[in-house]
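Here are my notes for your first look at this entry. Keep the viewer open and take the points in order.

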Amino acid sequence: MLALSGCAGSSLGDDEGGAAEGPVNVGLMIPLSGPYKAIGEDLAKGWELYLSTHDGKFGGRKVNTIQIDEVDGRAAALNGAKKLVEKDNVVAIVGGVTADTTESVKQYVTEKKVPFVGTGGRPSTLTDLSYLWHASWLSVEPGRSVADYIRTTVNGPVYAIGPDYQGGYDNVNGFVEAFKAGGGQLANKDGKPKWTPWPATNNYLPFLNEIQATGAKAVFTFYAGTPAIEFVKQYKEAGLQGKIPLYASGFLTEGPVLQAQGPAADGVRSALNYASNLDNPANREFAMAYQKQHNNAPDVYNVTAWDSALILDRAIGAAGKNATAEKVNAEIGKLGAISSPRGDWRFGQNHSPIQPWYLREVQFDGRARANVLVQNLATLGS
Amino acid sequence: MDQLTTYAVTSLDGVAFGLLLFTVGAGLALIFGVMDIMNLAHGTLYLVGAYVAATLSGGGLLALGVALAVGLAVGAGGGAALSFVLRPLGREGSHLDEALVTLGIAFIAADGMTAAFGAAPMQTHVPTALEGSISLGIHAYPVYRLVFIGVAALVAVLLHVAVRRSTPGKMLRATISDPDMAAASGIDTGRVRTAALAVGGALAVGAGVLGAPLLGPGPGVDNTVLVLSLIVVVVGGAGSIPGTLLAALLVGQVQTIGVVTAPALAPFALFGAMLIVLVLRGRTTAVVAGRPA
Amino acid sequence: MTTTLSRPGVLPAVPVRPLVFAGTVTVCVALPWIVGAYQISLAASALVLGTLAMSTQLLVGVTGLPAFGQAAYFGVGAYTAALLANAGVTAGPVHLVAAASTGAAAALATAPIVLRTRATTFMMVTFAVQSLTATLASKWKPVTNGDDGLHTPAVRPWPGGPALTVNGFTYLYVLAAVLLLGLLMAVLLRSRLGLVLRGNADHEQRMAALGHRVTGELTLGYVAAGAFAGAGGALLIAVNRYVSPADMGFEVAAVTLLAAAIGAGSMTGAVVGAALVVFARDYLGGSTEHGPAFLGILFLLVAYGRPLVKRLRS
């Protein structure tokens, strides 16, 4: 591996990622440890299901998936991205759970001209989008999609609370801004959302106790991973379940956290771009395949990873011979409509999906607990 | 009035959390007292207890009892093993090497537990008899936490009485104060040490088993518990049970009420207290932060 | 300069240590032409950690104070360099001087409290200093951008020089800086301060009885260590172009201690130890989820190995 001659991975020269023919390397950056590991596992399952049902190939080429542990999406994500680009010569990086991941890698992937397909939250503060794509959502969208519904259904002020980091701000503020714009009132003491220390605390009882005293008629929140489990369980322990309706950004009760929450989650209403009982051809096929493989209903994380694989399959195929990372990136931009289990969607101008949003409620049918579709909300994206 | 009730309930929660930290911290103080080591694997012991609770407790009081018994046994064994594990370092084993050993154990154990239990936090079942909440004004407070407060307070009292009044307690204090003199007066210091380590370990794991519904098992919890129990030991003075209890309750209040009212200041309050206490205690050429009175 | 004696009538002995050292330095300089981009960036990270390890070694191996918290001053230096870079000042040497100064200042501010203790209590207090500083970085959002950290533009090796974006050239800059820092450290160790610090490590009471102002001397040593740690922080910015509270967190502090322990009292040993840690943690453990276990095993190996090696030597 000599430098200076522009060979792949050289120390003293720039080079492009990607080889001519043969297998193609793709980086899958997901949490393999830390509070979001369960979500990381779900992303991996969706990704692997796509590969196993498509002969392990993208665009006719065998795929080498290189998994990287992004832990909490900060330093580990940036270091992982560097390894994927410099050591493994990937043509694309897929992954991320929180908006932090995108924040961490955005400068690097844009400089190195390697497309990043995000599968999780996305910060609202991106400027240069050329190599940044999201197959997931904008972090402000879940809250935004359900703001009108809450405003017209709840007869009184709503208490907003969330974790103190970018993902929390975006999800909760997405709701708060749309809610207030329509004339809604927050029950919080100073009219602003309450931020709980993150990741420092898992004890929400002090905050939940406050909610009662404010006379709120509903609560809107966002938490993901471990904190989501704790929040929902403690919501019940504080005596608020059944007393004050809990609305949330869908991640509060989506996927593995729902099992851990148990009966405490019943009745929670959340907004998300997927429900496992959606009735469209892609979902019927996907949900059945997933159920057969894993004995469980799929969740939005499985779908997002599946869609990311689908995107790369088509883009790498379209890039043809000598598919460099740059070429793959160009092809992603030309994709058009994507047939996903969540409904049809396509990339908007801001490289994020234009997609429908749904209101779900956690219901227990005697055998399993699930987020059941209640009604369609809005289609968001541009 | 409502606001006052809210603070009162939050403060109660602070007492529960403080008592949890006391139990863990008392264990660390014991280990520090007899071995003069900074046991960086102490948080790991708590985490083991929490995982034991999550795995074994099936919902009934008997299951919890079994989990506690298993936890105490594991903790006692682990604590006693500490002296064996450090023995190869020899008498000239430096503080550095001791720190490395406990760090190494902590890292490997953390990785092992994540591999065994998965990195998603596990659901801990509160015994059905203790489920539910009782109403305090407009608030509801979980019954389990009230019972926990009672049990932990009892443990604190028993520990204090044992250390101050009982013969083993006196032997322990002698061994910590002046090991050579204690040995010369016929006390089997080796056995006292092993016993103290076992009790210290059992306290930490026991706190994990009973405290799991308050602070449940998951990656990173070992680090949280380690840092907090370290603060408790330094602020409370490693030698006195009432001191450790006071420090633990203080930390508990800061972590609950402090976090709600002034979230940005809460961490500083903890460490600031630690540093102030150290300054006030004066220059210590002595090796232990405080000796039992 | 040879480190061995030669007796008349006997063939002159080969100066092994300087030769080995010179050979290692040559290999280090030639590295970018031998290995690929990813390996070179790991090597640069190892050098950065090595600087932090040298700072810790000055306290642990030379002065006998088990310091857990040098990562705090490392972080102070890193944030200093990051803020300078984001304000338009991207010259590496400026970063080094500024970061070393702020690291030294932070050390000076904490020395009065920290030096009231020794041994295990000293370790606990420095642990608290490290935790507190990391928390400060996490909470002081207007300055440090909190847990999201600061991304910075590329550093230049001298004012007006080319931006260091290619891994190989960044590594060479860091290597030059570390060699310079190593030289400074060598001078320090051979100076009067170095002797005095070793004396205090050996027998503090005797030093005091001889009339030394022990606390003053230890403070000087502590401040010097803070300066070295701060300089390491400036190099972190050159390599990563990013700093966050995690860079001064528990794991960094723990592996620094490990690197110093591997070094067994010597500065070059500390740097070698840092390289070993980076190799085990990032190269070996990087693509598995069991990185922590690798580290843990390394901790145990070193902890048990040291007394063994000591026994074998004597």
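1. What pLDDT does chain C average, and what share of the residues score at least 70? This is a predicted model, and chain C averages a pLDDT of 88. In that chain, 94% of the residues score at least 70.

2. For the complex, the predictor reports an ipTM of 0.81. The pTM is also given, at 0.81.

3. Now turn to chain A. Domain 1 of chain A covers 24-137 + 280-351, and domain 2 covers 141-272 + 358-380. Their C-alpha centres are 27 Å apart. Domain 1 of chain A brings 17 residues to the contact, and domain 2 of chain A brings 15 residues.

4. Which helices of chain A each supply at least two residues of the domain 1 side? They are helix H1 (37-53), helix H3 (99-112) and helix H10 (300-319). By class, this side of domain 1 of chain A has 10 nonpolar, 3 polar and 4 charged residues.

5. Last, check chains B and C. Here 35 residues of chain B are in contact with 36 residues of chain C. On the chain B side, helix H4 (95-117), helix H9 (221-236) and helix H11 (266-281) each supply at least two residues. The largest share, 12 residues, comes from H4(B). The chain B side divides into 24 nonpolar, 7 polar and 4 charged residues.

Technical notes: Residues numbered from 1 in each chain as written. Chains lettered and ligands numbered in written order. Predicted model: local features only at pLDDT ≥ 70, side-chain atom pairs only at ≥ 80, totals over all residues. pLDDT = per-residue confidence, 0-100. Domains from an automatic or database assignment. Contact = placed C-beta atoms within 7 Å. Helix = DSSP H or I, 4+ residues; strand = E, 2+ residues; numbered from the N terminus. Nonpolar A, V, L, I, M, F, W, Y, C, P; charged D, E, K, R; others polar.
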